[in-house]
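Okay, thanks everyone for coming.

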Amino acid sequence: MNPTIFLIEDDPASARLLQMMLKNDAEIEVFEQAEDCLMRLEEGKPSVVLLDVGLPGIDGYALCEQLKQRPDTADIPVIFISGHVEMEARIRAYELGAHDFIVKPFDVTEVRSKISRLLDSLRERAGFNTRLEESDLLTTLILSNLDEYAVVLKYLRDLNSCTSPQEMAQMTHTMLRGFGLSGAVQLRLPDSTLNTSADGEATPIVASILNHVRLMNRIFEFKKRGVYNFERITMIVDNMPVDDPERCGRLRDHLAIAIETADARLAGLLAASANSRADHNVNEILQLLGTATEEFSLRQRTAQEAGREVMRELTEEMHGTFAHLGMNQLQEDSILDLIEQKTQKLILIYDATAATQATLQKLQAQMNSMRQTLKG
């Protein structure tokens, strides 16, 4: 069965353009007013809602709020398409639970790509939710007997065995579920940024909010949300129990300790990864040095043997030449001795095998020492 997209857009040109570009990916139903969309929801639910902000009657924000308040539509992804470019507009859409915020005029290819990825994600999530429910049931049974301190201690203990940023993100969401909370986590790596939510990769609008709040205060709250910023990690908690100040304060302290420890652990993981890469590079250099030493020694021995062979041939030719020159034995021996001496000096000049090997071996020893330092 094809997915269905509800498009609420009062601009006919924009509606036609979106309808044409998405018709191969899903069934498109177009509404000019929010009221018409709400009536249609009584008959069936869409997979995705594309929503303009400026609508006659009920505007886009109000419609999104109604959708997120209804149990039967709360999980439907809502994507705003608007001419508003201010961060305040994005934050309001984020607070209402929107999936993404696309600014007009939009790039057709980009929008279609986003919708296609979202539909693929929804199909994957259908299977993932089943597994998540089973996992949450088991987690609930285990954590039901643990108090808040036990949740923190379990998280800190698990961090010691964590081997990757992805695993750390999963552990952090498990900790939040242990507190009855949910939110989003950003891990900043040397070559990428990992944005996650409770059910996997964070939506684009959540990622944009994470990028926004990471530049703000270390720990702060707005409405029911709590933000925890450290050097490599930012976490947003969506449902802090602000109506229970005492519990909210305890959780704030627990989460601050947990995320600060996770930040330090992430630094250790990144350092270990860098050392591992450096050790790999050192091993490659050592192998190259060993090969170069062997090849150089072989070339030197070959050159020496060739030089001695040339010397032997020269000596034989000189003996034949002496017979025609009428030299006596003393003169011949004197010339041959001189040639021998000069040839040996020439061979010694070019015989750098021992010195070169010593230099390369010293370099190998230094590289080995560097590798041991990295491992230590």
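So, the protein chain has 11 helices and 11 strands. Keep in mind that this is a predicted model. The average pLDDT for the chain is 82, and 72% of the residues score at least 70. If you colour by confidence, look at two elements: strand 11, residues 233-237, has the highest mean pLDDT, at 97, while helix 11, residues 353-375, has the lowest, at 62.

A couple of overall numbers. The chain has 376 residues, and 38% of them count as buried. Take the contacts between residues at least 6 apart in sequence: 62% of those join residues at least 24 apart.

Now to the inside. In soluble globular proteins, nonpolar side chains tend to be buried together. Here, the largest nonpolar core has 34 residues, and the ones with the most contacts inside it are Ile8, Val49, Leu51 and Phe80. Which elements give two or more residues to this core? On the strand side you have strand 1 (4-8), strand 3 (48-52) and strand 4 (78-82). On the helix side you have helix 2 (34-41), helix 3 (60-69), helix 4 (87-95) and helix 8 (204-213). Helix 8 gives the most, with 5 residues.

Helix 8 is mostly covered, by the way, with 7 of its 10 residues buried. Those are Ile205, Val206, Ala207, Ser208, Ile209, Leu210 and Val213.

Let's zoom in on Ile8. Skipping residues up to four places away in sequence, Ile8 touches Phe31, Gln33, Ala34, Cys37, Val49, Leu50, Leu51, Asp52, Leu55 and Leu63. Apart from this core there's another one, of 31 residues, and among them are Cys162, Met171, Leu176 and Leu194.

On to the aromatics. The count comes to 4 aromatic pairs. Take Phe6 and Phe31: their ring centres are 5.1 Å apart and the planes sit at 65°, so we call that pair edge-to-face. Phe6 is in strand 1 and Phe31 is in strand 2, residues 27-31, so the pair ties together parts that are 25 residues apart in sequence. Are these two buried or exposed? Phe6 is buried, and Phe31 is as well. There's also a cluster, where ring pairs link Tyr61, Phe80 and Phe101. You've met Phe80 already, as one of the residues with the most contacts inside the largest core.

Next, a helix pair. Two packed helices are described by the angle between their axes and the distance between the axes. For helix 6, residues 148-160, and helix 7, residues 165-178, the axes come within 10 Å and cross at roughly 170°. Helix 6 and helix 7 are therefore roughly antiparallel to each other. Who meets whom? From helix 6 it's Val151, Tyr155, Asp158 and Leu159, and from helix 7 it's Met168, Met171, Thr172, Met175 and Gly178. Met171 also turns up in that other core, the one of 31 residues.

Last stop, Glu221, which is in strand 9, residues 219-222. Glu221 has a relative accessible area of 32%, so it counts as partly exposed. Leaving out neighbours within four places in sequence, Glu221 is in contact with Gly226, Met240, Cys248 and Arg252. And if you draw a line from its C-alpha to that of Val237, 16 residues apart along the chain, you get 9.1 Å.

That's my tour, so over to you.

Terms used:
Residues are numbered from 1 along each chain as its sequence is written. This is a predicted model: local features need pLDDT of at least 70, side-chain atom pairs count only at pLDDT 80 or more; totals for chains, interfaces and linings use all residues. Side-chain values use heavy atoms; hydrogens and water are left out. A nonpolar core is a set of buried Ala, Val, Leu, Ile, Met, Phe, Trp, Tyr and Cys residues joined through side-chain atoms within 4.5 Å. Buried means under 20% relative accessible area, exposed over 50%, partly exposed in between (1.4 Å probe, protein chains only). Helices (H or I, at least four residues) and strands (E, at least two) are DSSP runs, numbered from the N terminus. Contact means heavy atoms within 4.5 Å. pLDDT is the predictor's confidence in each residue, from 0 to 100. Rings of Phe, Tyr and Trp (its six-membered ring) pair if their centres lie within 6.5 Å; planes under 30 degrees apart count as stacked, over 60 as edge-to-face and the rest as tilted. Axes are lines fitted to C-alpha atoms, for helices over the stretch in contact, and angles run from 0 to 180 degrees between N-to-C directions. Angles under 35 degrees count as roughly parallel, over 145 as roughly antiparallel, 65 to 115 as roughly perpendicular and the rest as oblique.
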